Amino acid sequence: MPLMGLNHISRLCKSVEASIDFYTKLLGFVLVERPPAFESFTGAWLYNYGVGIHLVQKQEQGQHSHVDPSPEKLEPMDNHISFQCEDMEAIEERLKERKIEYLKRTVDGEEGSAVDQLFFKDPDGFMIEICNCENLKLVPAGPPGWIRPPRGRRSPPVLSDHPGILRSRPAPGFSLSV
């Protein structure tokens with residue numbers, strides 16, 4: 001397959017503004033411009049860590065979310081998206097500062113490779129996991145070659161003259177025109 005990696009997730013939101021605040025201030029995503037073709041509906045695009053989050057404003061009728069928004073139902077086996085983290089304590093501190101209910105657990109892996117996990121919900125009740133899963137080894141269950149690590153074009157180039165923005169280099173054979 002010519003797949004390269006996860007590009008984005010899309011979330012239907014009760015309030016795009018509340019979700020922007022949550023994902024930017026708690027998880028460090030950056031608001032990026034949406035192409036003009038997507039301006040026909042209220043929404044926002046966020047990006048960081050090689051993945052995008054597309055937020056779409058929920059309309060009163062016709063769009064349903066089958067999510068339990070109550071924080072007391074933090075079930076790790078529910079549908080969720082997981083983000084790799086290099087400082088679990090920093091995320092836990094942010095959750096405490098923002099008074100966000102969370103579930104913390106450690107799963108013991110093989111050969112003493114424990115995985116720490118934090119589970120919590122965004123403003124619309126979507127489950128998020130933060131983990132240090134790099135402690136686990138990926139061992140193909142089938143023939144060798146099934147796992148394809150990302151190559152040079154993993155992340156899109158970032159176009160900005162802002163001094164606080166890190167710019168990625170375009171992949172070989174990819175040109176940028178401004």
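Modeller: Arg98 is partly exposed, because its relative accessible area is 34%, a value that, like the others here, comes from a predicted model. The partner of Arg98 in a salt bridge is Asp21, and the closest N and O atoms of the two are 2.9 Å apart. Asp21 itself counts as partly exposed, with a relative accessibility of 27%.

Asp21 also forms a salt bridge with Lys25, where the closest N and O atoms are 2.8 Å apart. Here the two partners lie in helix 1 (residues 16-25), and because they are 4 residues apart in that helix, about one helical turn separates Lys25 from Asp21. Lys25 counts as exposed, at 54% relative accessibility, the cut-off for that word being over 50%. Taken together, Asp21, Lys25 and Arg98 are linked in a network of salt bridges.

The structure holds 3 salt bridges, and one of them pairs Lys104 with Glu92, with 3.1 Å between the closest N and O atoms. This pair, too, links distant parts of the chain, for Lys104 is in strand 6 and Glu92 is in helix 2, 12 residues apart.

As for the pocket you asked about, the second largest pocket has a volume of about 520 Å³. Its lining is made up of 20 residues, and those nearest the centre are Leu27, Tyr49, Phe83, Gln84 and Cys85. Two elements, strand 5 (80-84) and helix 2, each give two or more residues to this lining, and strand 5 gives the most, with 4 residues. Sorted by class, the lining of the second largest pocket has 12 nonpolar, 4 polar and 4 charged residues. Residues of domain 1 (1-59) and of domain 2 (72-137) both take part in the lining, so the second largest pocket lies between the two domains.

Note on methods:
Residues numbered from 1 in each chain as written. Predicted model: local features only at pLDDT ≥ 70, side-chain atom pairs only at ≥ 80, totals over all residues. Heavy atoms only, no water. Salt bridge = Lys/Arg side-chain N within 4 Å of Asp/Glu carboxyl O. Buried < 20%, exposed > 50% of the residue type's maximum accessible area, 1.4 Å probe, protein only. 1 Å grid on protein atoms, 1.4 Å probe; cavity = no way out; pocket = protein on both sides within 12 Å on 5 of 7 lines; lining within 4 Å. Points joined across faces, edges and corners; volume = space filled by probe spheres on them. Nonpolar A, V, L, I, M, F, W, Y, C, P; charged D, E, K, R; others polar. Domains from an automatic or database assignment.
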